[in-house]
There are 2 protein chains.
Amino acid sequence: MALDHILLGLLRRPASGYALKKDFSSSLQHFWAAELAQIYPTLGRMEKDGLLSSRQQPSDKGPPRRVYSRTRKGERALHDWLVQGPESDRNRISYLAQVFFLGQLDDLAAARQFLGELRDEMATRLATLKGIEAGWAKQDPRYPDELPDEDFFPQLTLRMGLMKLAAGLEWCDESLRRLEQRMTRNHKQTGPAAAGP
Amino acid sequence: MALDHILLGLLRRPASGYALKKDFSSSLQHFWAAELAQIYPTLGRMEKDGLLSSRQQPSDKGPPRRVYSRTRKGERALHDWLVQGPESDRNRISYLAQVFFLGQLDDLAAARQFLGELRDEMATRLATLKGIEAGWAKQDPRYPDELPDEDFFPQLTLRMGLMKLAAGLEWCDESLRRLEQRMTRNHKQTGPAAAGP
DNA sequence: ACTATCTATATAACTATTTATATAGAGCGG
DNA sequence: CCGCTCTATATAAATAGTTATATAGATAGT
């Protein structure tokens, strides 16, 4: 499971479940999300399996926290995950499933509406990622090519997000243009159409 | 759940679970996969919920099959799914999670190896999609802009796949180039480095 | 006849994920 | 002091998805 390995990667330095969830919210969330209700039992299982160890620590703000560290075994598991090569993910993209069936709507205007909303969402996400990039660039003059390895690879994932979203936006625009052409065409030839003389 | 709605979309014409699985394998699989062991109980539940109806039919090649049709209620559910707007998917991309942590490998050559494998996989998938596109174009002279609506939207999803994979390949090449620069640089300045005079 | 493959359905066991809920201390605003 | 938010952990219940396995008729090849 990828969550296990992601937690191992994040546990480069010891952290509590709550802190790990924050790591997800900051950078990782764009390609992998996890809820606390999934993180806590996973950490417990991984400790049971000897991949992690934990100790309780008093907290200045709130109840005591359980801080996890990865063990030698955990480090090996992370290493193995990385050198085994890319996991070909069962990439589920639900909006494409919707697009696939848009032709079954009685009115193409509803399909246009759909693609317009998708375009807006992608534009928003692209703006978000650009904001993150700008922030990184501002606070570190070494951005992007003089960054330490530790930050180079996360930066690559951000770059992938930017490139995919740019491609997605381009696709939306192209699709909307083609759909509108199609709507105009259908409008003009209402009735006759189809077969030539 | 998206699987429910996908099945409703596929059931434009009545079909058995086995046949629906084949529909997945042909076109849909690139952005949504499903196993028979998931499809059968889902069809059962949807029938119980009144979204589908079924009847048994003798088969010429094998045991009798249960053929499902969507009900009026099922059609409404599909319609609602489409007009509600794009589902923002929790898009999980496990290879990006791996890339994120590649800096924790002791040897950057292993990271290069990883990105090379990813590049190869993407190139293969891109070739596959291009093959599908070529097949469609060959068997239908209306491809792509004179296709009936029914085929226009599936064709758009194929196009999205092509564009995303092209972006992905570009990213791999760019990342490999930058990683190799980085490796050369590290090699040259073994020891001194960092601070200027 | 034997074997493999394809059609066809189904279930059990397991793993993963989401949503809802409970608990409890600490700090802040009104 | 009351309610709100944040820190912090945890569990229950439900849903979703994967892997393994069982059954059985039909057809094609050896």
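Two residues are in contact if their C-beta atoms, placed from the backbone, lie within 7 Å. By that rule, A:Ala2, A:Ile6 and A:Gly9 in helix H1 of chain A meet B:Ser94, B:Ala97, B:Phe100 and B:Phe101 in helix H5 of chain B. The structure is a predicted model, in which local features need pLDDT of at least 70, side-chain atom pairs count only at pLDDT 80 or more, and totals for chains, interfaces and linings use all residues. Residues are numbered from 1 along each chain as its sequence is written, while chains are lettered from A and ligands numbered from 1 in the order in which they are written. Helices (H or I, at least four residues) and strands (E, at least two) are DSSP runs, numbered from the N terminus.

**How the two chains are related**

- Two copies of a chain are related by a rotation about an axis and a shift along it.
- Here, a rotation of 180° with 0.0 Å of shift along its axis places chain B on chain A with an RMSD of 0.0 Å (a least-squares superposition on the C-alpha atoms of residues with pLDDT of at least 70 in both copies).
- This is the relation of a two-fold axis.
- In chain B, the C-alpha nearest the axis belongs to B:Lys164, 3.0 Å from it.
- Both copies use the same surface, since 100% of the contact residues of chain B recur in chain A.

**The contact between the chains**

- Chain B gives 57 residues to the contact, and chain A gives 57 residues.
- On the side of chain B that touches chain A, the elements giving two or more residues are helices H1 (2–10), H4 (72–83), H5 (94–101), H6 (108–139) and H7 (149–188) of chain B.
- H7(B) gives the most to that side, with 17 residues.
- By class, that side of chain B has 31 nonpolar, 11 polar and 15 charged residues (Ala, Val, Leu, Ile, Met, Phe, Trp, Tyr, Cys and Pro count as nonpolar, Asp, Glu, Lys and Arg as charged, and the others, Gly among them, as polar).

**Helix H1 of chain A and its neighbours**

- The axes of H1(A) (residues 2–10) and H5(B) come within 10 Å and cross at roughly 20° (axes are lines fitted to C-alpha atoms, for helices over the stretch in contact, and angles run from 0 to 180 degrees between N-to-C directions).
- H1(A) and H5(B) are therefore roughly parallel to each other (angles under 35 degrees count as roughly parallel, over 145 as roughly antiparallel, 65 to 115 as roughly perpendicular and the rest as oblique).
- The contact of H1(A) with H5(B) has five nonpolar, two polar and no charged residues.
- Within chain A, the axes of H1(A) and helix H3 (residues 36–48) come within 11 Å and cross at roughly 80°.
- That makes H1(A) roughly perpendicular to H3(A).
- A:Leu3, A:Asp4 and A:Leu7 in H1(A) meet A:Gln38, A:Thr42, A:Leu43 and A:Met46 in H3(A).
- The residues of this contact with H3(A) are four nonpolar, two polar and one charged.

**The strands**

- Chain A has an open sheet of three strands in the order E1-E3-E2, with antiparallel pairing (two strands pair if DSSP finds at least two bridges between them).
- Its edge strands are E1 (15–16) and E2 (52–57) of chain A, each pairing on one side only.
- E2(A) and E3(A) (residues 65–70) pair over six bridges, and A:Gln57 stands opposite A:Arg65 in E3(A).
- In chain B, two bridges join E1 to E3, which run antiparallel, and the bridge partner of B:Ala15 in E3(B) is B:Tyr68.
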